[in-house]
Amino acid sequence: MTTPYDAWSTPERAALRDSVTRFVRSEVVDNLPRWEDDGEIPRDLHKRAAAAGLLGIGFPEDVGGEGGDVLDISVVTEAMIEAGGSSGLIAALYTHGIALPHIVSAHRANPTEQSASLIERYVRPTLAGETIGSLGVTEPGGGSDVANLRTRAVRDGDAYVVDGAKTFITSGVRADFVTTAVRTGGDGYGGISLLVVDKGTPGFTVANPLRKMGWHCSDTAELSYAEARVPVQNLVGEENGGFVLVMQQFVNERLSLAVQAYATAQRSLDLTVAYARERETFGRPLATRQVIRHKLVEMHRATVTARAYTRQVVERAAALSAGATGVDPMRLAADAAIAKNDAVAACDFVVDEAVQVHGGMGYMRETEVERHYRDSRILGIGGGATEVMNDLIAKILGY
Amino acid sequence: MNIVVCVKYVPDATADRSFDSSDSTVDREGVDGLLSELDEYAVEQALLAAEDGDGEVTVLTVGPADAADAVRKALQMGADKGVHVEDDDIAGSDAVATSLILAKALGTLEYDLVFFGMSSTDGTMGVVPTMVAERLGLPAVTYGSEITVDGSTVTVRRDGDVATETITATAPAVVSVTDQSGEPRYPSFKGIMAAKKKPVEDLTLSDLGIDASEVGLGAAWTKVLSFAPRPPRSAGEIVTDEGDGGTKLAEFLASKKFV
Ligand SMILES: Cc1cc2nc3c(=O)[nH]c(=O)nc-3n(C[C@H](O)[C@H](O)[C@H](O)COP(=O)(O)OP(=O)(O)OC[C@H]3O[C@@H](n4cnc5c(N)ncnc54)[C@H](O)[C@@H]3O)c2cc1C
Ligand SMILES: Cc1cc2nc3c(=O)[nH]c(=O)nc-3n(C[C@H](O)[C@H](O)[C@H](O)COP(=O)(O)OP(=O)(O)OC[C@H]3O[C@@H](n4cnc5c(N)ncnc54)[C@H](O)[C@@H]3O)c2cc1C
């Protein structure tokens with residue numbers, strides 16, 4: 001029996017890692033290249049992941065989740081990628097990780113008949129793998145500046161009439177509903193609300209899937225709202241209280257992206273070490289060359305230091321959610337942004353070197369590191385771009 | 001329907017395994033252990049058989065302290081409780097002694113059926129289920145590739161080289177299952193967390209009324225005389241095709257009795 005030496009290696013988390021690894025090897029690895037070509041993952045995969053008890057981790061049991069905290073979600077993310085999945089797979093299969101938390105936190109903060117109904121209609125079926133949800137914040141006019149989004153929702157009787165457009169929406173092509181950020185009030189962050197918009201709502205249309213550099217197994221959509229009538233019952237939380245809900249979730253989303261980044265780095269490193277041992281040039285394995293060994297060490301260093309810092313921030317985020325008083329939420333928001341930037345930089349460096357050490361093979365579609373190279377490029381753009389993170393960090397630290 | 005599944009903790013079959021040179025038993029120091037993969041199939045079938053009723057699935061193992069990992073894994077998969085027989089004097093026991101300990105331990109439990117894997121992934125003898133059945137005077141239906149439990153009747157399909165047999169027995173009975181019986185589930189997050197609270201009873205030889213002289217290396221009916229690592233793979237034979245490659249290939253296959 002191995003003795004746990006930290007919160008990431010308890011017998012329970014080791015078992016969770018094992019289960020995820022088995023799921024990925026049996027359900028994902030052989031199919032992923034086909035899903036990449038298809039431009040989406042099958043709905044059935046959501047059902048299978050739910051049946052294996054892997055979809056609802058991090059969501060409380062009373063809303064249909066499996067329980068567990070942000071460490072447990074991070075273990076799932078690490079294992080999904082390190083066993084042969086990808087950040088694109090996480091984006092597609094775990095879109096509910098960004099589409100549902102606002103609905104859950106609004107319900108927990110102030111349970112009403114309306115919030116309970118949203119849990120029953122959207123949260124439970126999605127965590128059971130039966131429906132798919134997306135989060136619609138970004139607009140053609142801008143994504144970084146969330147406080148100035150322009151999609152408008154005007155109250156008319158028992159409905160909001162929504163006009164506007166969203167773009168780059170993950171799983172938007174397949175989504176049964178979109179948790180949409182809209183402007184219900186005046187300018188700035190104080191006028192934003194969240195509305196759940198059902199597919200099939202008249203006036204709400206989903207354009208063709210967007211073609212992308214990476215994340216090919218994850219469909220991405222442009223959405224348009226033309227006088228789409230959304231029942232007021234689909235308002236999440238308070239009217240004009242949407243910005244806070246969105247911002248609260250950004251910490252978790254950024255930590256998830258940081259975990260995806262160092263896990264992608266770890267996977268790419270593992271594949272590269274194996275390749276360097278196997279591949280011979282000038283009569284000897286690449287791994288016998290000092291130049292290559294130093295590359296591997298630099299990749300290793302970038303990976304483990306990014307992991308150590310991100311995990312430390314994840315531990316504090318878990319402590320804060322569990323009610324610890326010593327964690328300053330603002331400082332945590334800054335540190336999550338630092339973790340994202342650091343892990344993304346590590347990942348960018350590692351995937352580039354991984355392709356380089358693979359030589360011509362590294363440029364081929366059949367080589368896994370080629371996919372990680374393309375997939376990881378988005379990690380420094382989505383969920384708050386690197387520059388925007390630095391701005392946030394500077395503001396919080398007072399620099 | 002109460003079911004006991006007997007499981008074994010074995011060295012990971014994907015690791016480099018070896019024997020301990022001092023007593024020619026399996027070296028457990030250098031390699032991680034786990035629940036024998038073939039026993040996962042037995043756990044799966046036991047869970048399925050118990051699913052609709054109000055009975056319990058108990059997982060029973062005989063093994064060193066680390067064997068608690070195998071019990072825990074089965075509890076994570078969904079078994080209700082565990083029994084772990086651990087005693088320094090058990091070390092080096094052969095199949096005969098192991099079957100004695102299991103039979104005595106089963107004597108302390110309530111069961112309708114006792115499930116086993118078809119064999120362990122380390123010893124691969126596959127004799128323990130029948131030995132236990134013999135000791136307890138129970139019918140044994142072994143190597144089941146399809147298991148159906150209906151009331152107190154258990155029916156198994158047994159796929160042989162020349163025929164497929166269907167065998168039934170009435171509980172109490174011993175059942176062993178093959179790796180064709182259906183993919184074992186892996187623990188869900190809820191299962192993993194729930195297992196932390198499930199009871200595991202630790203028993204020693206004296207709890208079972210077994211004298212140390214009846215088990216262990218000293219009592220073994222068999223003895224490992226010598227062991228040697230598998231020789232390293234030698235380089236394959238390379239045949240240059242000078243127009244007769246096909247013939248040479250056929251000759252090679254024939255010489256190795258592949259064709
Ligand atoms: C594959 C993919 C999936 C996505 N999924 C979703 C989704 O599911 N839901 C969703 O709502 N959005 C999604 N997005 C959108 C994503 O969040 C945005 O792309 C991101 O927030 C950046 O916004 P933008 O593209 O409008 O870039 P812009 O805001 O136009 O920024 C462009 C560049 O300028 C920099 N910049 C911006 N403002 C400043 C400043 N003040 N100072 C210095 N530099 C600045 C940025 O860092 C960036 O490098 C996705 C995007 C992609 C590509
Ligand atoms: C799109 C594409 C088009 C191409 N077109 C052509 C073409 O038209 N004609 C043609 O002949 N070839 C072509 N190539 C092949 C290309 O020239 C080779 O990929 C390139 O020479 C590298 O060789 P390799 O892929 O075998 O990598 P390897 O030689 O295996 O090298 C792998 C990595 O190890 C490093 N490395 C190798 N040896 C050492 C050493 N001794 N010490 C330290 N580091 C070392 C390399 O720098 C590289 O980073 C093409 C390749 C691609 C991807």
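Which residues of chain A does the UniProt annotation "domain: Acyl-CoA dehydrogenase/oxidase C-terminal" cover? According to this unreviewed entry, the annotation covers residues 240–396 of chain A. The legends below describe close-up views of a predicted model.

Figure 1. Over residues 240–396, chain A is 75% helix and 3% strand, with the end C-alpha atoms 24 Å apart. For residues 10–98 of chain A, UniProt lists "domain: Acyl-CoA dehydrogenase/oxidase N-terminal", from an unreviewed entry. Residues 135–225 are 0% helix and 46% strand, and their end C-alpha atoms lie 14 Å apart.

**Figure 2. The shell of residues around ligand 1.** Ligand 1 is surrounded by 22 residues, of which Val137(A), Gly143(A), Ser144(A), Thr170(A) and Ala385(A) are the closest. At least two residues of this shell come from each of β1 (133–136), β3 (159–170) and α13 (386–397) of chain A. Sorted by class, the shell around ligand 1 holds 9 nonpolar, 10 polar and 3 charged residues. Ligand 1 lies between domain 2 (133–240) and domain 3 (243–397) of chain A, because both domains give residues to its shell.

**Figure 3. The shell of residues around ligand 2.** Here 13 residues surround the ligand, and the closest are Thr281(A), Arg289(A), Gly359(A), Gly360(A) and Tyr363(A). Helices α10 (290–321) and α11 (329–357) of chain A each contribute at least two residues to the shell around ligand 2. The shell around ligand 2 divides into 7 nonpolar, 4 polar and 2 charged residues.

**Figure 4. The open sheet of chain B.** Seen in close-up, 7 strands pair in parallel in the order β7-β11-β6-β1-β4-β5-β12. Strands β7 (140–144) and β12 (200–203) of chain B form the edges, each pairing on one side only. From one strand to the next, the twist averages 20°. Within the sheet, β1 (residues 3–6) and β4 (residues 57–62) of chain B pair in the parallel sense over 4 bridges. Opposite Cys6(B) stands Leu60(B), a residue of β4(B).

**Figure 5. Helices α1 and α3 of chain B against the sheet.** Helix α1 (residues 37–50) of chain B packs on the sheet and touches β1, β4, β6 (113–117) and β11 (173–177) of chain B. The direction of α1 makes about 150° with that of β6(B). Helix α3 (residues 95–107) of chain B lies across β1, β4, β5 (81–85), β6 and β12 of chain B. Relative to β4(B), helix α3 runs at about 145°.

**Figure 6. The contact between chains A and B.** Chain A gives 15 residues to the contact and chain B gives 14 residues. On the side of chain B that touches chain A, the elements giving two or more residues are α2 (68–77) and α5 (189–195) of chain B. The largest share of this side, 5 residues, belongs to α5(B). By class, the side of chain B that touches chain A comprises 6 nonpolar, 3 polar and 5 charged residues.

Terms used:
Residues are numbered from 1 along each chain as its sequence is written. Chains are lettered from A and ligands numbered from 1 in the order in which they are written. This is a predicted model: local features need pLDDT of at least 70, side-chain atom pairs count only at pLDDT 80 or more; totals for chains, interfaces and linings use all residues. Two residues are in contact if their C-beta atoms, placed from the backbone, lie within 7 Å. Ala, Val, Leu, Ile, Met, Phe, Trp, Tyr, Cys and Pro count as nonpolar, Asp, Glu, Lys and Arg as charged, and the others, Gly among them, as polar. A residue is near a molecule or strand if its C-beta atom, placed from the backbone, lies within 6 Å of it. Domain bounds come from an automatic or database domain assignment. Two strands pair if DSSP finds at least two bridges between them. Axes are lines fitted to C-alpha atoms, for helices over the stretch in contact, and angles run from 0 to 180 degrees between N-to-C directions. UniProt positions are given in the numbering used here, feature names are shortened, and annotations may be inferred rather than shown by experiment.
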